[in-house]
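Dear colleague,

I am passing on the structure below, and after it I set out what was found. Please read the notes with the coordinates open beside them.

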Amino acid sequence: MESHQYYNELMECLPTPLLQQEIDSQGDARFVSANRAALELLGMTDARQLIGKRPQDISPACQPDGECSQGKSRRLLAELPTTLTTPFEWVHSRTDGKAVIVKVSLLVLDSHEEGRVVVTWHDITEYKHTLQALSEQREALENILWGTGAGTWEWNVQTGETRFNERWAEMVGYSLASLEPTTIDTWMALAHPDDLKQSERALTEHFSGEKPSYDLEARMRHRDGHWIWVQDRGKVVSRTPEGEPLWVVGTHSDITERKEAEFIASELTERLKKLAALLPGTLYQYHQWPDGRSAFPYSSAGIKHIYGASSEDVKTDASPIFEVIHPEDFSLVVGSIEASEHKLTTWRQRFRVNHPQRGLRWLEGTATPERLDDESTIWHGYIHDISDVKQAEDALDVYRDSLERSNKELEHFAYAASHDLRQPLRMVTSYSQLLERHLGADLDEHTDTMLHFMKDGAKRMDQMLVSLLEYSRVGRKGQPMNWMDSREALEEALRFLQPDIEETGAKLSIEGQWPKIYASPDEMTRLFQNLVGNALKYRKADNTIEICLEAGGDAQKSRFSVRDNGIGIAPEHTDRLFKVFQRLHTREQYEGAGVGLAICRKIVERHGGTIWVESGGNGRGSSFNFTLALRGPQEPSS
Ligand code: ADP
């Protein structure tokens, strides 16, 4: 009796939950006693709360393995040997509703009363939760690793044992199983021999503590025969008691695409460098910051030829360039850069530099600005030496000026000559008339014929001089250019020609859209008058004259044509008609001095156009066409 009480007290004080069960007639275990530790675990304060209950009464309906608590309890009891059972896990529900996981050991004591079972619980709730959290963490890490697409390796430096994951093998075209058994030789057989040497170096640096990790870009032979690039990274994670590296773990990431892109980029850069070196000028990037700093981060080798400074000299500071800009052009250059920076418009500038070796040179630059996030501006441009071009341009300017001058002088000469020559000519005419009158009846037939030729020659010469005078007046005496209606000029010309039109019974048709033109009104009238006049004059005998006047054109040019059904022009003559005194007929056949079309050409060319004739040949009519450039100040809205 005493020992019974002694054991009861001992059981009560034990920190291990200890209980007793009795197996009833249904084969269920019922609690008959429980020590304090057991009650505490269940959240109970009094053994009476437990006594008489079956394990399934204080458990969730099912256990984590899916078996129902009642069935599992009965099965375990039925299998109960007479010794200590293998411990099993069981989930109980505490009085506060929380689950408590215990490892249960059942003990049937021989000495014990029949049907009594001693139960001990070992609380593993905490341990199970930690295990669960760890497995979740591991799963998350595996997911992350999967997401990076990295292969993993673990290498025992001392034994050579090496473990890879499936991805590591897959990267080189194998399955992990086909590579097994894996050792460090598996990696060495696949790595590029040149990179193995580098790998050894990187490992030594890491093992000695010189580098915090092992990091290398290496090539590996793919199963298909090609090379892939991997980023190989690792770290010593444990060491032997002697301090030697033991386990090294790391990853492989496939960087083939990046390496190929880098390779292409470097090849392109090389090619660009070679091409840039062939250019006569320099390709460059000019960078300017809001605080006033400026530099040429890139410039091709030609910069030395252009400015006398090398790419290296101006890479971080542009001042060597600004120092050689000609003082008189300095503010021009700075101002144009400022304007381009402000409006982000293309920079274009001609300026002079004092090249340290080559002396004064003319340069021309073009660059496109780009605003960067830090508010700085970078120009991508090209500058080249135009000293030779500039010299040629200057010479051309001088030549053009002298040409203009001599042209003016010539025009003046033509005007003066034709004007002044008329005076002595009038004398010839007057004296031949006086002579005729003086001789009167004494005038014999022969002398009369000679006098007639003399007067006729003087008259023709006068007509020629008048025409020449008119020709030289084009552009000098006419009305100034203005925006005008081309149709009005035509109507005016037709009014002058009205008597001829009526007399010949010509049929005129006017077609097309007659545009506004920027021109001298009286010269335009003159132009139409000459062309329509010729169409009336060079008609075929016994034929009704038909003249079609047409206009058209686009925003840059207007186009006009005067088409007739007259005598036509043989193709070999079409070019020379527009020169002074060029005629295809004698005066006896058709009146005229041969200056009309030359005047037309002078007028058209003064208005930025061209004139030409089209004809089907002799007897097939002609079409005189001309264009006018629609330039001039903004046309007033009509
Ligand atoms: P002109 O009429 O005074 O001779 P132009 O300079 O006007 O001088 O014409 C030069 C020549 O071009 C004319 O002599 C004539 O032979 C030819 N020509 C001009 N217009 C026509 C035309 N509509 N049809 C045929 N020939 C023409």
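Q231 is buried, because its relative accessible area is 12%, where buried means under 20% relative accessible area, exposed over 50% and partly exposed in between (1.4 Å probe, protein chains only). Q231 belongs to strand β9; helices (H or I, at least four residues) and strands (E, at least two) are DSSP runs, numbered from the N terminus. Before going further, please note that this is a predicted model, in which local features need pLDDT of at least 70 and side-chain atom pairs count only at pLDDT 80 or more, while totals for chains, interfaces and linings use all residues. Residues are numbered from 1 along each chain as its sequence is written, and side-chain values use heavy atoms, with hydrogens and water left out.

If neighbours within four places in sequence are set aside, Q231 is in contact (heavy atoms within 4.5 Å) with D215, L216, E217, T251, H252, S253, I255 and R258. With D215 there is also a polar contact between the two side chains, at 2.7 Å; a polar contact is a pair of N or O atoms within 3.5 Å, and within protein one must be able to donate a hydrogen and the other to accept it, while residues adjacent in sequence count only if both atoms are side-chain atoms. K273, by contrast, lies 42 residues from Q231 in sequence and 29 Å from Q231 in space, C-alpha to C-alpha.

Helix α9 (residues 256-278) has 23 residues, which at 1.5 Å a residue should span 33 Å, and this agrees with the 33 Å between its end C-alpha atoms; the expected span is 1.5 Å times one less than the number of residues. T256, K259 and A276 are buried in α9, and the cover over the buried residues of this helix includes β8 (214-221), β9 (227-239), β10 (245-254), β11 (282-288) and β12 (294-299). For helix α4 (residues 125-148), the 24 residues should span 34 Å, and the end C-alpha atoms are 35 Å apart, which agrees. Just after α4, G149 takes a positive phi of about 70 degrees.

Turning to charged side chains, the structure holds 39 salt bridges, each defined as a side-chain nitrogen of Lys or Arg within 4 Å of a carboxyl oxygen of Asp or Glu. One of them joins R422 and D462, at 2.7 Å from N to O. This pair links distant parts of the chain, with R422 in helix α14 (residues 387-439) and D462 in helix α15 (residues 445-473), 40 residues apart. R422 is partly exposed, because its relative accessible area is 22%, and D462 counts as partly exposed at 22% relative accessibility.

In the salt bridge between R48 and D46, the closest N and O atoms are 2.7 Å apart; R48 counts as exposed at 69% relative accessibility, whereas D46, at 28%, counts as partly exposed.

Lastly, Y6, Y7 and L10 form a nonpolar patch on the surface, with about 350 Å² of accessible area together. Patches are made of residues with over 30% relative accessible area and no salt bridge, like charges being joined within 9 Å and nonpolar side chains (Val, Leu, Ile, Met, Phe, Trp, Tyr) within 5 Å. L10 is found in helix α1 (residues 2-13) and counts as partly exposed because its relative accessibility is 41%.

With kind regards

Note on methods: Areas by Shrake-Rupley, 256 points an atom, 1.4 Å probe, with all protein chains shown as cover.
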